[in-house]
Amino acid sequence: MVDLPETWCVPVVRADFRDDGVWEQLKGEIVSPTEEGFVAGVEFVEDRALNGLSGAAIAAGSPRAYPRQYRHPVVFVVDAVTIALPERPLLVVNLNERDETDPFRTLPRQVQAIENNLSVANMDFVEFARSAGPDGIFRGF
């Protein structure tokens, strides 16, 4: 089991420490307001204990215990796949105990929409997961 960090905002967890420049770029994209003015309520987590873990390992080791154990229904993961692919898709891991939907990936500029809508229960995780493309990456509606 993976010990997820306790955060006040939705965590964006760094699990690959090979490229500080990409990490800084991702952080910048995620905290930038959307064209509509929405901002992501996230907290960036750099815990070297998670270094090298795959997104799949983090997803498999994270119990679905929201709202009992976690403050947030989701965690975003920057893993080796994120770093390797040109679009930099983050893994989105579902923590909601009432939803068995598998993880999917999202573009960094979609973190705002996902976090905003899930945090206020305007949409469900499954709605975003089902809207991911054939490659499993959510690029928006």
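A crossover is right-handed if, with the strands pointing away from the viewer, the path from the first strand over the helix to the second runs clockwise. In this predicted model, β1, α1 and β2 form a β-α-β unit of that hand. The unit belongs to an open sheet of six strands with mixed pairing.

**Sheet**

- The strand order is β2-β1-β3-β4-β5-β6, and the sheet is open.
- The edge positions are taken by β2 (42-46) and β6 (137-138); each has a single partner strand, so one side of each is left without a neighbour in the sheet.
- Strands of a sheet pair through backbone hydrogen bonds, either parallel or antiparallel.
- Strand β1 (residues 10-14) runs parallel to β2, and five bridges join the two.
- Within this pairing, Val12 has Phe44 of β2 as its bridge partner.

**Helices across the sheet**

- Helix α1 (residues 20-31), the helix of the right-handed unit, lies across β1, β2, β3 (74-78) and β4.
- The direction of α1 is at about 170 degrees to that of β2.
- Helix α4 lies across β1, β2, β3, β4, β5 (104-106) and β6, and its angle to β3 is about 160 degrees.

**Nonpolar cores**

- The largest nonpolar core comprises 24 residues, of which Val12, Phe76, Leu90, Phe104 and Ile114 touch the most other members.
- At least two residues of this core come from each of β1, α1, β3, β4, α4 and α5.
- The greatest contribution to this core is that of α1, which supplies four residues.
- Another core lies apart from the largest one; it has 15 residues, including Ile58, Ala59, Tyr70 and Leu91.
- Phe104, a member of the largest core, is in contact with Leu90, Leu91, Val92, Ile114, Phe125, Phe128, Ala129, Gly136 and Phe138, when neighbours within four places in sequence are left aside.

**Asp99**

- Asp99 is located in the loop between β4 and β5.
- With a relative accessible area of 14%, Asp99 is buried, because the value falls under the 20% cut-off.
- The side chains of Asp99 and Thr101 are joined by a polar contact of 2.4 Å.
- Not counting residues up to four places away in sequence, Asp99 touches Arg64, Asn94, Phe125 and Val126.

- Arg88 is a residue other than glycine with a positive phi, near 55 degrees.
- Arg88 is placed in the loop between α3 (80-84) and β4 (90-94).
- The relative accessible area of Arg88 is 18%, which is under 20%, so this residue counts as buried.
- Ala121, likewise not a glycine, has a positive phi near 55 degrees.
- The position of Ala121 is in the loop between α4 (111-119) and α5 (125-130).
- Ala121 has a relative accessibility of 63% and therefore counts as exposed, the cut-off being over 50%.

Terms used
Residues numbered from 1 in each chain as written. Predicted model: local features only at pLDDT ≥ 70, side-chain atom pairs only at ≥ 80, totals over all residues. Heavy atoms only, no water. Buried < 20%, exposed > 50% of the residue type's maximum accessible area, 1.4 Å probe, protein only. Pairing = 2+ DSSP bridges. Contact = heavy atoms within 4.5 Å. Axes fitted to C-alpha atoms, helices over the stretch in contact; angles between N-to-C directions. Polar contact = N/O pair within 3.5 Å; in protein donor to acceptor, adjacent residues only side chain to side chain. Core = buried A, V, L, I, M, F, W, Y, C linked by side-chain atoms within 4.5 Å.
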